[in-house]
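Hi,

Here is the structure I promised to pass on. Have a look at it first, and then read on for what turned up.

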Amino acid sequence: MLGIADPLVLAAFLGCIAVTAVSVLYGILRRNAAVDEVTPEDRAWAIEEQKVEDEL
Amino acid sequence: MSAGKTRGTAYKETLVVGHSAVNWVDIVVVIGYLLTTGYLGWLGYRRTRTAADYLVGGRSVHPIIMAVSYGATFISTAAIVGFGGVAGLFGMSLMWLTFVNIAIGILLAFTVLGEPTRRLGHRLGVHTFPELLGARYQSKGVQVFAGLLIVLFMPLYSAAVMTGGAVFAATQFGVEFEVALLVFALITAAYVIPGGLKAVMYTDTFQGLIMILAMAYLLWFTYASLGGVEPAHRYLTEMADLVPAPLQAMGHQGWTAMPRFGWGAAGYDLWWTVVTAIILGVGIGVLAQPQLVVRFMTVRSRRELDRAVPIGAIFILLMVGTPYLVGSLSNAWFAQHGPLLKGQVVKMIDAERRHALVGLMEETAPGRWAPVINPKTNQPATAPMVVAAHEPAQDVHGATLDLVSGRAPAVVYAKGDADQIIPTFISTALPRWFGLVFFLALLAAAMSTMSSQFHTIGTAAGRDLYERLTGKHGSEPSVLVMRIAIMLGLLVAVSISYNVREGYVIARFTAIFFGLCAASFLPAYLGGLFWRRATRAGALASMTVGMLVSLCWLLLVKAKEASAIGLVQLVTGGKTSLLADYPNWPSVDPIIIALPLSLLTLVLVSVLTKASDPQHLRRCFPQEQGR
């Protein structure tokens, strides 16, 4: 199949496409599933992160 | 000039392919690219620039930008030139690494590790990977240990990235490797040192897009020039008998087949190298890459992570899958379209397909042909070949001979050096303009990866080592330490690239660093996220065992690395491995031994030592405690 005789290499070739397809499907299905909320903790972390980057 | 040198030069010239000198168009395009990158960086500084800025402003990063930016950090010249070349040498079994990179490096990492890492990092207010481990385990020792390991060993990975770019530039523009390395190092340093350390999302995305365009064209061109997907694979499958003898002896069964599997004979070495070092070492190691783990903390929410998965997977499929396929298929391309080589048939391999082992010859005087001598072995050079034509000729003594001309697999034109396969293929097979685009893609890949590598080295030296050891926070000397560490890291990386050039070093350096990170950090990192019973002592013991076992294995057992370092020869009186008399052990990657031992140590020591402070655990995992 597809010119590849070794089933393990063929599995890797098709597996790459399959796992990418699963990833795309996952992203589409869960597009709005998770909560999208920025907590004060998140914001405090980001302000400190800006300082770290500015220092560097 | 000595006779030996003349012969060596002749051997080199016999296999010379596709070199071309640098011209003004190249220079203008490269400068244009650098100016665009600089402009985007400047735009980034004026407006919202990094993921942290988006988060402070309460805005979302577009999933495409998030995923491409992560992917550009993940993928470097090491993957494209180094591992692409290894695929040219060992074949399409490397597609398993692409599979693992997507399944583990994207799907598992984003969906299982991303959110817990983000939450824990924000709760504990940490900004580096060593700080994450140190804060979770309330241990200065854990943080300092992790910081030290990063500062000491990450330059090895940077050297792999730099070598990948320099090898390509040298082949594409026909300059010496040393000159290409210097120019490549100066360009990346000019980007990394003044401003590239900030993960400005515009520039990361611009760099990622150039990489996407280059890889998409490369993949299309390769399949189109070989007649399509199925004919290209079939032709490569039918070339199995053209695999050079030294590779066959290691267990190579063709470029579309897995290496021979078994234990206890040298003929299985390749399977153990490909599966343990390349597929598992790099595939698992990506989970514990400090520069990638901290990326999860810059994400705004779980939703952003979920949305980035599809683009991330497609990006990695294209960025990693393309060089592995093209590296393998370059053997078919050279066998069909490569420059003609001449010589005398030594052995007919398959008369029907005109596959033969040919002793290479060069024309020393008009109409007179002499064998080409391989300078490494000092023996007449031979190559497996698809014979295209026969013609009568004379040897140097005037005797008639049947001179054949034909084409060989890419590994022959690259003189068995995996690092040369992708550069040789691009400079020979593709139009010159594409060589320039590909160089820009490599520059982009190197810049985006190296900026995060040196960011990690700098923060490890400043925050994790200097500040933790002196107790001074956010001080001027800490920033100075960061800058010195970055400069030193860059110098060490350039020195390693300059001095170590033997046998697929790009992939090996990358595999060493990824394996070391996996064995040293992964159990402590996973334990820190998911197992509340994991203790400070357990983490420190696990990291120590993982690192020591990995380093001892590299120094004394793994033949390729141990023999290059040289300590094992002193210990054993000249052997290349402590286990040289036990076949296959010298090919097994340290990760196979070190990671299970490190994991076992974490579990055993944690169970036997006092549990972490419950109040601290409530801070780390509030929702679990509340249930």
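At what angle do helix H5 (residues 77-90) of chain B and helix H18 (residues 432-470) of chain B pack, and how far apart are their axes? In this predicted model, the angle between H5(B) and H18(B) is about 120 degrees, and the axes lie 8 Å apart. The two helices H5(B) and H18(B) are therefore oblique to each other. On the H5(B) side, the residues that meet the partner are Thr77(B), Ile80(B) and Val81(B), while H18(B) brings Leu442(B), Ala445(B) and Ala446(B). Sorted by class, this contact of H5(B) with H18(B) holds five nonpolar residues, one polar residue and no charged ones. As background for reading such lists, an α-helix has 3.6 residues a turn, so residues three or four places apart point the same way.

Helix H4 (residues 63-74) of chain B packs with helix H14 (residues 290-297) of chain B at an angle of about 165 degrees, and here the axes are 10 Å apart. That angle makes H4(B) roughly antiparallel to H14(B). As for handedness, H4(B) and H14(B) cross in a right-handed way. Tyr70(B), Thr73(B) and Phe74(B) of H4(B) make the contact with Gln291(B), Leu292(B) and Arg295(B) of H14(B). The residues of this contact of H4(B) with H14(B) split into three nonpolar, two polar and one charged.

Is helix H7 (residues 129-136) of chain B largely enclosed or left open? Eight of its eight residues are buried, so H7(B) is largely enclosed by the rest of the structure. The buried set in H7(B) includes Phe129(B), Pro130(B), Leu132(B), Leu133(B), Gly134(B) and Ala135(B), and Glu131(B) and Arg136(B) belong to it as well. Just after H7(B) comes Gln138(B), with a positive phi of about 50 degrees.

Chain B has 26 helices and seven strands. Its C-alpha trace spans about 90 × 55 × 45 Å along the principal axes. A compact globule with 627 residues would have a radius of gyration near 25 Å, and the 26 Å of chain B agrees with that. Buried residues account for 57% of the 627 residues in chain B. Taking the contacts in chain B between residues at least 6 apart in sequence, 76% of them join residues at least 24 apart.

Chain A has two helices and zero strands. The radius of gyration of chain A is 21 Å, well over the 10 Å that the globule rule gives for 56 residues, so chain A is more spread out than a compact globule. Along the principal axes, its C-alpha atoms fill a box of roughly 55 × 35 × 10 Å. In chain A, 25% of the 56 residues count as buried.

Finally, how do the two chains meet? In chain A, 41 residues are in contact with 49 residues of chain B. Helix H1 (7-29) and helix H2 (40-55) of chain A are the elements that give two or more residues to the side touching chain B. H1(A) gives the most to that side, with 14 residues. By class, the side of chain A that touches chain B comprises 22 nonpolar, seven polar and twelve charged residues.

Best wishes

Note on methods: Residues numbered from 1 in each chain as written. Chains lettered and ligands numbered in written order. Predicted model: local features only at pLDDT ≥ 70, side-chain atom pairs only at ≥ 80, totals over all residues. Axes fitted to C-alpha atoms, helices over the stretch in contact; angles between N-to-C directions. Helix = DSSP H or I, 4+ residues; strand = E, 2+ residues; numbered from the N terminus. Parallel < 35°, antiparallel > 145°, perpendicular 65-115°, else oblique. Left-handed = near helix turned anticlockwise from the far one by under 90°. Contact = placed C-beta atoms within 7 Å. Nonpolar A, V, L, I, M, F, W, Y, C, P; charged D, E, K, R; others polar. Rg over C-alpha atoms; globule rule 2.2 N^0.38 Å. Buried ≥ 20, exposed ≤ 12 C-beta atoms within 10 Å, placed from the backbone.
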